[in-house]
Amino acid sequence: MQIFHGSVAHRVLLYGYSNARAKSMKSVLLDKKQFDQLMDTNSIADILSLLDKTPYKEDIVATGLKFSGIKQLEFALGKNYARAAKKILKIAPPEAKQTLLAILNRQDVHNLKTILLAKHLKQ
């Protein structure tokens, strides 16, 4: 069994399932047409309306009970991202979790920088 542990076959078995699950998650991402529609919007209400027709609907509705406008959009997108990240970590093999956590933490830092830059530009 020791020979099998480091082999290509072992890696295929170890990562094949999580890779297939992660690739299937791509199907719920927005496509180019949807991005173009979002770019052509004139208000946050229009963005929320467009996202309400996508897999983001669940989060748009859930956050609409407490928030509105830009806060609703921000919290809905954050909630959706957190759920996706949690799912990816759940399906990942134990050997990959540390690497995935590092990637997700890096993304969090990038998101925080974006928020701080946006707040700075509003001043």
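These are my notebook entries on what I looked up in this predicted model.

**Ground rules.** I number residues from 1 along each chain as its sequence is written, and I leave hydrogens and water out, using heavy atoms for side-chain values. Since the model is predicted, local features need pLDDT of at least 70 and side-chain atom pairs count only at pLDDT 80 or more, while totals for chains, interfaces and linings use all residues.

**Entry on T54.** I looked up T54 and found it in the loop between α4 (44-51) and α5 (57-64), where helices (H or I, at least four residues) and strands (E, at least two) are DSSP runs numbered from the N terminus. T54 counts as buried because its relative accessibility is 10%; buried means under 20% relative accessible area, exposed over 50%, and partly exposed in between, with a 1.4 Å probe and protein chains only. Its side chain reaches the backbone oxygen of L51 at 2.6 Å. Leaving aside neighbours within four places in sequence, I noted that T54 is in contact (heavy atoms within 4.5 Å) with L30 and Q34.

**Entry on D52.** In the loop between α4 and α5 I also looked up D52, which counts as partly exposed at 31% relative accessibility. Not counting residues up to four places away in sequence, D52 touches K57, I60 and V61. I then checked D52 against V12, and these two are 40 residues apart in sequence and 38 Å apart in space, C-alpha to C-alpha.

**Entry on D59.** The side chain of D59 makes a polar contact with the side chain of N80 at 2.9 Å, and another with the side chain of R83 at 2.8 Å. For a polar contact I need a pair of N or O atoms within 3.5 Å; within protein, one must be able to donate a hydrogen and the other to accept it, and residues adjacent in sequence count only if both atoms are side-chain atoms. Along the chain D59 and R83 are 24 residues apart, and their C-alpha atoms are separated by 10 Å. With residues up to four places away in sequence not counted, D59 touches A76, K79, N80 and R83.

**Entry on the aromatic pair.** I found that the structure holds one aromatic pair. The rings of F67 and F75 have their centres 4.3 Å apart and their planes at 0 degrees, so I record the pair as stacked. Rings of Phe, Tyr and Trp (its six-membered ring) pair if their centres lie within 6.5 Å, and planes under 30 degrees apart count as stacked, over 60 as edge-to-face and the rest as tilted. F67 is partly exposed at 28% relative accessibility, and F75 is partly exposed too, with a relative accessible area of 41%.

**Entry on the largest pocket.** I noted a volume of about 1400 Å³ for the largest pocket. Of the 35 residues that line this pocket, the closest to its centre are L73, E74, L77, G78 and Y81. Which helix gives the largest share of the lining? The answer I found is α6, with 14 residues. At least two lining residues each come from α2 (8-25), α3 (32-39), α4, α6 (69-91) and α7 (94-122).

**Entry on Q107.** Last, I looked up Q107, which lies in helix α7 and is partly exposed, with a relative accessible area of 33%. From C-alpha to C-alpha, Q107 and L89 are 14 Å apart in space, and they are 18 residues apart in sequence.

Conventions
On a 1 Å grid over the protein atoms alone, a cavity is a set of points where a 1.4 Å probe fits but cannot get out, and a pocket is an open set with protein on both sides within 12 Å along at least five of seven lines; lining residues have an atom within 4 Å of a point. Grid points are joined across faces, edges and corners, and a volume is the space filled by probe spheres set on the points.
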